[in-house]
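Reader: I would like to learn how to read the features of a structural model. Could you take me through them in turn?

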Amino acid sequence: PTSAQVTAVHHPGRFRYTLDNNILTAAQRQFYEDNGYLLIKKLVSDEDIERFRKEFVRICKKEVNLPGAMIMKDETLRSQYGQSEKVVNKIQDFQEDEELFRYCTLPEVLKYVECFTGPNIMAMHTMLINKLPDSDKQTFLHPMHQDLHYFPFRPADRIVCSWTAMERADQGNGCLVVQPGMHKQPLKPHGYPKWEHKANKLFHGLLDEDEKSPRVHLVMEKGDTVFFHPLLIHGSGINKTSGFRKSISCHFAGSECCYIDVKNTSQEHLEKEIVEVACQKYGMTSVELRDIWNFRARLVQGERINL
């Protein structure tokens, strides 16, 4: 891995990616403008993280019924470990679980989110990732990608991800990897990477990834939270340890954002895949993509306008 130079030079002029308030310093705003991400140390308390971890374990043990959630497992491990956290690598769309959804409503998180989205905030996409030990198959390697590829709403600048480490994340256990400044690039074509037996359902990656592009490994301690733009190119490596690397995240958007039609765009093939999965899961013959997102979305602050 190479090390990227993160920009720390002030460029006078109007801020595009952040909004005026008294939360971010001028230096923090400039860092996000230039690099597309901002790391806030020790933002979420150990007590809250412990509560999220306990709820995750309860879900893994099927002690909690979670409607609408997608629980991703390594089925090859089930015979060995049964229903446990050693099998589940991700819970997606946990918005109906009041305990996990507390993360999306934490005042300490929302005060930063508002700097990017404005005061009317929707929680659009929720995930708790439990990166399993994986040094040989590389099953849980997440290819470099832009999150906007998954989202049929705009403008991109009023969307932000909040990603919190639930324990130390480093290169050993597969921390986030970012390419600073790439949020200024347009949305690029995505698809399944050409890795034999290593492509996970809906884990799309850049089709024309530049392997030599500079990147930064975000080493984070428990409770550290990174906010990043949906066009920032990022991914994560494999977990080479015997433990688990947990994180909890939410993509937020200003409720003034609007749904777009992704037909005849690079996102069209993803729309077909998501609709197909939803129809299989709920026994429907057809469903609109925006209806799926309406179901996922929950208001966390202010007024629900468009989303």
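Predicted model: local features only at pLDDT ≥ 70, side-chain atom pairs only at ≥ 80, totals over all residues.

Reader: With which strands does β7 pair, and in what sense?

Author: Pairing is read from the bridges between two strands. β7 pairs with β14 (residues 245-254) in the antiparallel sense over 7 bridges, and in that pairing A165 has S247 as its bridge partner. β7 also pairs with β12 (residues 225-228), again antiparallel, over 4 bridges; here S162 stands opposite F227.

Reader: What is the strand order in the open sheet of 4 strands?

Author: The order is β5-β13-β8-β11, with antiparallel pairing. The edge strands are β5 (142-145) and β11 (216-217), because each pairs on one side only. Between β5 and β13 (residues 234-236) there are 2 bridges, and H145 stands opposite H234.

Reader: How many salt bridges does a search of the whole structure find?

Author: The search finds 15 salt bridges. One of them joins K42 and D46, whose closest N and O atoms are 2.8 Å apart. D46 is partly exposed, with a relative accessible area of 33%. D48, R51, E99 and R102 are linked in a network of salt bridges.

Reader: Why are E55 and R58 separated by about one helical turn?

Author: E55 and R58 are separated by about one helical turn because they lie 3 residues apart in helix α2 (residues 46-60). They form a salt bridge, with the closest N and O atoms 2.9 Å apart. E55 is buried at 7% relative accessibility, whereas R58 is partly exposed at 36%. R58 forms a salt bridge with E63 as well, and there the closest N and O atoms are 3.8 Å apart.

Reader: Is R296 buried or exposed?

Author: R296 has 10% relative accessibility, so this residue counts as buried. R296 belongs to helix α7 (residues 289-296). The side chain of R296 makes a polar contact of 3.1 Å with the side chain of D93. Leaving aside residues up to four places away in sequence, R296 touches Q92, D93, Q95, A123, M124 and H125.

Reader: Which residues form a nonpolar patch on the surface?

Author: The patch consists of Y282, M284 and F295, which together have about 290 Å² of accessible area. F295 lies in helix α7 and is partly exposed, with a relative accessible area of 43%.

Reader: Where is S286 found, and is S286 buried or exposed?

Author: S286 sits in the loop between α6 (268-282) and α7. Its relative accessibility is 56%, so S286 counts as exposed. S286 and E276 are 10 residues apart along the chain, and their C-alpha atoms are separated by 8.4 Å.

Definitions and conventions
Residues numbered from 1 in each chain as written. Heavy atoms only, no water. Buried < 20%, exposed > 50% of the residue type's maximum accessible area, 1.4 Å probe, protein only. Polar contact = N/O pair within 3.5 Å; in protein donor to acceptor, adjacent residues only side chain to side chain. Contact = heavy atoms within 4.5 Å. Patch = residues over 30% accessible without salt bridge, like charges linked within 9 Å, V, L, I, M, F, W, Y side chains within 5 Å. Areas by Shrake-Rupley, 256 points an atom, 1.4 Å probe, with all protein chains shown as cover. Salt bridge = Lys/Arg side-chain N within 4 Å of Asp/Glu carboxyl O.
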